[in-house]
Amino acid sequence: MAIISAFQADDRGSNPRTRSIMQKEKEQDLMQKVISLCKRRGFVFPASEIYGGFANSYTYGPYGVTLKNNIKKLWWKKFVEDREDIVGIDGPIILHPRVWEASGHIGGFNDALVDCKKCNKRFRADHLVEDATGKDMEGKLSEMKNILDEKVDCPNCKKRDWTDVRNFNLMFATKTNAVAGEEEQIAYLRPETAGAIFIEFKNVVDSTRVKIPFGIAQIGKAFRNEIVAGNFIFRLREFEQMEIEYFIKPDADWETLFEKWLSLQEEFAMELGAKKEKLRRLEHPREKLSHYSRKTVDIEFDYPFGGFKELFGLAHRGDFDLTQHAKFSGEKLEYLDPETNTKYTPHVLEPTFGLDRSILASLLSAYAEEEVNGEMRTVMKFPKKIAPVQVAVFPLLKNKPELVQKAREIFLELKKDFVCEFDDNGNVGKRYRRQDEIGTPYCVTLDFESLEDSSVTVRDRDSMKQERIKISELTEYFKKSLK
Ligand code: GAP
């Protein structure tokens with residue numbers, strides 16, 4: 001693919017052949033366990049399920065949406081609020097269609113697809129060819145067709161009868177103009193959030209005190225008509241990105257900045273719980289870079305479906321985007337340097353973070369099974385700052401009103417400062433297991449002794465250690481331990 005292709009992840013993994021069958025089985029098992037926990041505990045549901053499901057789309061359930069919001073908050077704090085050089089925006093999903101002409105998406109944001117004439121299944125032609133030959137035939141449609149005819153059977157029905165290989169644009173088109181009699185105009189759901197950032201460059205410079213180098217950040221939905229079924233929430237048609245365009249002087253020491261951004265991206269992945277050894281950098285080879293890009297690196301995560309694949313990306317995009325939007329809009333998108341009083345078109349570094357892949361990486365990293373007193377417990381060891389529930393409060397017994405009432409008082413008090421849950425269902429052991437699966441760092445149990453000594457038992461999710469804490473000291477205790 002021409003312009004954006006270098007960013008496209010590949011679901012087939014880095015080197016599937018080197019993974020042993022046992023390892024693959026173990027990984028598939030982990031994936032199935034995480035998917036099933038997500039459904040059972042309300043993190044992620046298959047969307048439109050009562051209608052039989054809808055490919056590549058999922059709903060974040062009550063705990064999933066909280067986890068997602070916590071990750072967004074963490075990102076926004078780290079990259080916007082804690083910095084003096086980055087500001088945020090929130091642009092529309094449907095932008096002027098010329099934006100995507102200027103960015104090259106209308107002409108170049110394509111996948112090479114082919115259909116099996118026997119079973120009508122559709123495939124990524126480049127994937128089939130690469131699997132069969134090990135060759136990357138990017139953009140060479142007729143060569144791909146020849147190879148398919150010569151060597152490749154349909155993975156579904158095992159016959160060999162292919163249509164021509166055609167380019168399909170990944171953007172979702174929609175129509176605007178609701179006035180009767182007026183011609184409808186084609187518009188697109190944005191395929192990335194970056195477009196909305198570039199076109200607000202001038203407004204941000206004119207309305208704030210940003211000075212180069214500075215960044216503009218945005219979190220929001222993006223849409224791509226992906227045909228490859230996508231490993232749970234790894235590849236979706238509708239997903240969220242957290243992106244920054246970081247504008248620099250054309251003659252800046254971009255390599256040092258590039259390295260800093262990569263480190264920050266890895267640091268963020270580790271804040272989500274990813275272990276260092278589960279991350280790696282993959283630099284795109286020179287011949288695959290777009291003409292304007294000096295360097296592009298993917299931060300990859302070791303997913304259980306075939307190995308390392310893209311989690312985040314970082315690209316040096318030169319002045320391509322601002323120059324293109326200036327050309328297509330007729331607006332000058334330059335920066336007047338207050339120190340030198342000269343005007344120039346800034347260059348840009350683009351750190352991009354997939355939110356859904358961040359969630360997936362955090363779910364996979366958190367999942368653990370441990371044997372406790374001869375029984376297995378499943379526990380989601382989320383970093384405390386992204387755990388969907390921070391504290392769960394239990395009365396020891398449901399049928400003792402004095403315990404329930406006091407436990408609810410504690411719950412209502414803690415709720416003012418923390419995300420809390422009250423649970424009096426089943427026995428305490430079962431409640432612990434449930435909170436372990438949600439990933440709640442602390443459980444508070446109020447028992448008969450509590451009525452005497454005004455203390456409760458606080459149980460730590462990871463160590464399972466229990467300690468008695470004075471009710472009056474609980475807020476301070478959690479403020480410290482959840483920090
Ligand atoms: N503006 C640059 C850009 O959009 P990209 O690599 O195409 O680059 C950025 O996308 C990030 O968005 C990826 O690193 C990935 O985390 C996420 N992403 C891309 N396509 C996705 C999809 N279909 N489903 C879920 N996440 C996706």
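Author: Arg124 counts as buried because its relative accessibility is 8%. Buried means under 20% relative accessible area, exposed means over 50%, and partly exposed lies in between (1.4 Å probe, protein chains only). This is a predicted model, in which local features need pLDDT of at least 70, side-chain atom pairs count only at pLDDT 80 or more, and totals for chains, interfaces and linings use all residues. Residues are numbered from 1 along each chain as its sequence is written, and side-chain values use heavy atoms, with hydrogens and water left out.

Arg124 sits in strand S5 (residues 122-124). Helices (H or I, at least four residues) and strands (E, at least two) are DSSP runs, numbered from the N terminus. The side chain of Arg124 makes a polar contact of 3.0 Å with the side chain of Asp126. A polar contact is a pair of N or O atoms within 3.5 Å; within protein, one must be able to donate a hydrogen and the other to accept it, and residues adjacent in sequence count only if both atoms are side-chain atoms.

Next come the charged pairs. Arg122 forms a salt bridge with Asp115, side chain to side chain, at 2.7 Å from N to O. A salt bridge is a side-chain nitrogen of Lys or Arg within 4 Å of a carboxyl oxygen of Asp or Glu. Asp115 counts as buried, at 12% relative accessibility. Arg122 is partly exposed, at 36%.

The whole structure holds 43 salt bridges. Another joins the side chains of Asp321 and Arg317, at 2.8 Å from N to O. Both ends are covered: Asp321 is buried at 4% relative accessible area, and Arg317 is buried at 5%.

Asp436 and Arg377 pair as well, with 2.9 Å from N to O. Asp436 lies in helix H13 (residues 428-438) and Arg377 in strand S18 (residues 375-380), so this pair ties together parts that are 59 residues apart in sequence. Asp436 is buried, with a relative accessible area of 0%. Arg377 is buried too, at 0% relative accessibility. The pair belongs to one network of salt bridges that share partners: Glu370, Arg377, Lys381, Arg433, Asp436 and Arg459.

Now the ligand. Its shell has 18 residues, and the closest are Glu192, Leu236, Glu243, Glu310 and Leu311. A residue is near a molecule or strand if one of its heavy atoms lies within 4 Å of it. By class, the shell has 8 charged, 7 nonpolar and 3 polar residues. Here Ala, Val, Leu, Ile, Met, Phe, Trp, Tyr, Cys and Pro count as nonpolar, Asp, Glu, Lys and Arg as charged, and the others, Gly among them, as polar. Three strands each supply at least two shell residues: S10 (238-248), S13 (307-316) and S16 (347-354).

An N or O atom in the side chain of Glu192 is 2.6 Å from a ligand nitrogen. A polar side-chain atom of Glu226 is 2.9 Å from a nitrogen atom of the ligand. A polar backbone atom of Gly354 is 3.3 Å from a ligand oxygen. The protein covers 99% of the 550 Å² of accessible area that the ligand has on its own. Accessible areas come from the Shrake-Rupley method with a 1.4 Å probe; for residues, only the protein chains shown count as cover.

One loop deserves a stop. Thr208 lies between helix H8 (201-207) and strand S9 (214-223). Thr208 is partly exposed, at 32% relative accessible area. Its side chain reaches the backbone oxygen of Val204 at 2.7 Å. A polar atom of the Thr208 side chain also lies 3.4 Å from the backbone nitrogen of Val210.

On the surface, Leu396, Leu397, Phe448 and Leu451 form a nonpolar patch with about 290 Å² of accessible area together. Patches are made of residues with over 30% relative accessible area and no salt bridge: like charges are joined within 9 Å, nonpolar side chains (Val, Leu, Ile, Met, Phe, Trp, Tyr) within 5 Å. Phe448 belongs to helix H14 (residues 448-453). Phe448 counts as partly exposed, at 36% relative accessibility.

The protein has 15 helices and 23 strands. Of its 483 residues, 53% count as buried. Its C-alpha atoms fill a box of roughly 80 × 65 × 55 Å, taken along the principal axes.
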